[in-house]
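Please find below a colleague's note on this structure, written as numbered points for someone meeting it for the first time.

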Amino acid sequence: MIDNHKTFVSLAILNRNFDEVKAGLSAAEAMDESNRCLYCYDAPCIQACPTGINIPSFIKKIASGNLKGSATTIMEENPVGASCARVCPTEELCEGACVLNHSTKPIMIGDLQRYATDWAIKNEQILFKAGEKNGMSVGIIGGGPAGLSAARELARLGYDVTIYEAKAKAGGLNTYGIVSFRLPQKVAQWEVDQVEKLGVQIKTNITVGRDISVNEILETYDSVVLAVGMSKGAMLQIEGEELKGVHDAIQFVEDSKTKELTDALVGKRVVVIGAGNTAIDAATCSVRLGAENVKILYRRSQKEMTAYEFEYEFAKQDNVEFRWLTAPTRLIGDSNGQLKQLECIKMELGEPGIDGRRRPIPVEGSEFIIEVDAVIKAIGQTRYLDLIDAFGIEQHKGSVKINLETYQTSNPKVYAIGDVIFGDGQGEAMVVSAAQHGKKAAYSIHQRLKNTKSETA
Amino acid sequence: MADLRVNLAGIESPNPFWLASAPPTNSGYQVQRAFEAGWGGAVWKTLGEPIINTSSRFAAVNFGGKRVAGFNNIELITDRPIEVNLKEIYETKKRFPNHAIVASLMVEPSREKWHEIVKRVEDVGVDGLELNFGCPHGMAERGMGAASGQQPDLVESQTMWVKEVAKTPVIVKLTPNITDITMTAKAAARGGADAISMINTINSLAGVDLDTWNTIPHVAGKGAHGGYCGPAVKPIALNMVAECARNASINVPISGIGGISNWRDAVEYMLMGSTNVQVCTAAMHHGFSIVEDMIDGLNNYLDEKKILSVTELIGKSVEKYSDWGNLDLNYRVVAKINTDVCINCNKCHIACEDTAHQCIDMLTDLKGNRYLKVREVDCVGCNLCAIVCPEEGAISMIELPREKITMSWNERQHALANLKS
């Protein structure tokens with residue numbers, strides 16, 4: 001229950017609003033649910049998991065009381081399996097594939113995965129060991145889900161692995177980009193710890209291209225993995241974006257996870273632009289910060305919305321209002337440079353564009369004004385174009401071109417994984433996909449380097 | 001409303017559901033609560049020389065997250081003075097004259113002891129006696145219970161001694177801890193038993209604690225075998241009932257006991273030759289009120305089958321139970337998978353592939369949909385696939401048209417012998 005009563009909102013209440021929304025399963029619930037799993041042969045849930053976790057196996061292990069084994073089975077295939085237990089769109093993946101959809105109701109795979117990994121976190125388990133050193137090294141740029149996943153697998157294969165992370169902590173999106181009440185930072189940090197304990201060196205607060213040159217990286221390591229994800233939020237490209245009260249959703253969510261919460265939004269009217277998962281996060285975050293009214297504006301209709309269904313439901317439960325077919329045209333401030341109003345225009349859907357989605361077209365003369373105190377932009381992220389260029393690898397609109405089998409870029413020594421390859425028909429922007437990229441890139445690197453070594457030996 | 005009244009060797013009760021001699025029938029308070037809840041009869045917790053019980057007595061076996069699939073106890077007979085029990089039996093009988101109260105008895109295998117106790121309990125108005133020759137733990141170490149129940153001659157002589165003085169019907173309760181229960185059942189019949197009841201509990205050790213390595217249960221770090229009962233023992237008990245029911249030299253009525261949890265179990269026992277049933281674990285797990293559905297479910301079943309009296313069920317399946325040598329070797333069933341109902345868990349495939357006859361194929365149709373199919377020529381009709389299938393109606397065992405005449409192993413051996421001679 002969100003407590004944002006206008007007349008009295010203490011910071012303690014705001015902080016409580018950011019506690020994880022969903023309670024984990026109790027031992028009894030986990031036992032009941034794990035025993036309900038049929039333990040299918042050639043189970044469709046495994047096929048549906050982008051990382052191919054042996055789901056019936058980890059569930060059986062919960063039922064038998066082998067929680068360490070269960071967590072290991074999960075983390076074996078997915079180095080960020082604890083985070084994914086919370087953020088995966090399970091109804092579209094494993095749970096959507098569960099055969100019990102055809103008879104009773106699907107197994108709560110995500111919740112069971114959380115149960116097993118929560119046990120491992122609570123009991124401070126170290127689930128994997130580094131491999132015997134093979135004398136070769138890999139540099140990974142970006143310590144998000146993709147980078148961590150590649151790092152862990154490479155460390156297990158005996159590589160000396162160094163991660164360069166621009167932020168103060170590794171974990172990427174899981175640490176900074178997903179609201180605390182869905183994914184607490186400690187979960188992502190446990191996953192980071194697991195990787196560090198394999199001897200992976202994580203150099204934080206180092207921005208490649210600024211603090212260390214790309215050339216140095218290329219010269220230092222036998223192979224390089226580019227896992228930088230995406231950059232800042234995109235601009236609306238409308239008048240008034242510099243006004244006080246205009247925020248970038250990525251930064252907004254990050255602040256809520258890294259800074260003391262403030263009562264700045266208590267009783268305020270907030271408009272979020274965009275209808276992806278980050279927009280939902282920004283909106284529900286605003287509600288929890290005490291905003292009186294939160295609207296999501298989207299220039300297309302509900303059908304084209306990119307947020308997962310469960311995210312949409314979550315926002316609706318938080319009383320977030322959705323204004324479909326509405327686009328911002330102008331941000332209007334007062335004399336102090338404080339945002340006061342948002343001018344919008346009604347849209348209608350025209351012919352499908354290249355991405356197959358119907359293009360929104362402004363309805364002439366339909367402009368109207370919404371009174372606002374804050375606007376949060378969540379219309380997508382920009383790319384690290386300069387860094388990609390510094391590597392001199394092929395890209396299209398900031399999406400790095402790769403061999404879909406090996407994740408190798410146009411520079412055979414450089415591999416690219418995670419959101420940096422997303423878009424332009426490549427990949428899925430899911431944490432779980434990033435984890436799988438990392439594994440596969442690690443195996444490709446090993447395949448290649450193992451051979452070069454045996455040739456020179 | 002069908003007639004649920006039964007009469008076991010002269011002991012009448014308003015329905016076939018009795019509480020077995022066990023903790024639920026330890027006192028007048030409990031038995032009266034049970035009768036109020038609807039139980040038709042109760043076999044009082046075994047009377048004898050008072051004993052001392054241990055603290056920590058029961059343990060259960062859970063399975064697949066379900067509690068009490070099996071139940072184990074090391075409790076002995078009543079630990080209350082016989083006078084107190086007799087007074088409460090008297091009071092209970094007075095309050096519930098139409099309900100069956102049977103006194104379970106256990107004394108040393110001596111004629112005098114048996115004569116004495118029989119007279120004492122009959123004086124307070126019990127409807128019958130049940131001789132406890134089955135209790136497998138504790139008392140058996142003192143030569144009573146199962147120890148005497150495992151020796152047919154002792155069963156016979158003790159039954160005889162009781163019959164010398166008993167005025168009410170005598171039920172002999174048999175132990176399953178014996179190779180062939182019909183041996184002791186016959187001995188009871190020879191001794192003059194009016195009925196037999198089975199089974200008492202099976203020797204058991206419920207488990208071992210993985211952390212302390214103590215037995216479960218343990219008494220100050222030590223364990224001893226107990227008696228096993230509950231749903232898990234039902235097939236063992238049902239077979240014993242059926243073996244006795246089909247044995248021509250055991251022509252006394254049977255009171256069925258062992259894992260009866262609901263009316264369905266009761267119907268099975270009655271079809272296999274029980275005149276009534278006795279229940280303990282289910283009541284211990286859920287309380288006396290479970291008898292309500294037992295009565296209601298049985299009644300609805302009988303109505304649906306247009307059976308006027310529950311007694312019409314007794315023994316109806318006994319003739320269908322025989323020796324393996326009489327089974328038709330030319331009868332064939334094969335598994336058939338209904339792909340409309342199948343949810344594609346592939347459990348049948350892997351069960352058949354790994355542990356049976358490798359005859360269920362995982363296939364993909366032209367549209368790319370996966371489905372399972374039985375290669376009938378290789379199917380031996382073992383039922384394993386239908387057993388592991390979680391989806392009702394997805395796998396049926398289909399009877400194949402008969403290709404050869406009925407031929408059992410015994411008939412075959414007989415025919416072969418005739419050919420040779």
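Predicted model: local features only at pLDDT ≥ 70, side-chain atom pairs only at ≥ 80, totals over all residues.

Note on the two-chain model

1. In chain A, the centres of domain 2 and domain 3, taken over C-alpha atoms, are separated by 31 Å. The assignment, which is automatic or from a database, gives chain A domain 1 (23-122), domain 2 (137-231 + 385-456) and domain 3 (246-377).

2. Residues are numbered from 1 along each chain as its sequence is written, and chains are lettered from A and ligands numbered from 1 in the order in which they are written.

3. Chain A holds an open sheet of 5 strands in the order 3-2-1-4-16, with parallel pairing; strands (E, at least two residues) and helices (H or I, at least four) are DSSP runs numbered from the N terminus, and two strands pair if DSSP finds at least two bridges between them. Strand 3 (201-203) and strand 16 (414-416) of chain A are at the edges with a single partner strand each, so one side of each has no neighbour in the sheet. Strand 2 (residues 160-164) and strand 3 of chain A are joined in the parallel sense over 3 bridges, and Thr162(A) stands opposite Gln201(A) in strand 3 of chain A. Helix 9 (residues 145-156) of chain A packs on this sheet, touching strand 1 (137-141), strand 2 and strand 4 (223-226) of chain A.

4. Which residues of helix 13 (residues 249-258) of chain A are buried? They are Ala249(A), Ile250(A), Phe252(A), Val253(A) and Ser256(A), buried meaning that 20 or more other C-beta atoms lie within 10 Å of a residue's own, exposed that 12 or fewer do, and partly exposed in between, with C-beta atoms placed from the backbone. Seen down the axis of helix 13 of chain A, these buried residues fall within an arc of 165°, so they line one face of the helix; the arc is that of the directions from the helix axis to the C-beta atoms.

5. The contact between the chains takes 11 residues from chain A and 11 residues from chain B. Helix 2 (residues 27-36) of chain A gives the largest share of the side of chain A that touches chain B, namely 3 residues.

6. In chain B, a cis peptide bond joins Met198(B) and Ile199(B), with omega of about 5°, and Ile199(B) is found in the loop between strand 10 (195-198) and strand 11 of chain B. Another cis peptide bond joins Ile216(B) and Pro217(B), with omega of about -5°.

7. Lys397(A) is exposed, with 8 other C-beta atoms within 10 Å, whereas Asn346(B) is buried, with 21.

Technical notes
Contact = placed C-beta atoms within 7 Å. Axes fitted to C-alpha atoms, helices over the stretch in contact; angles between N-to-C directions.
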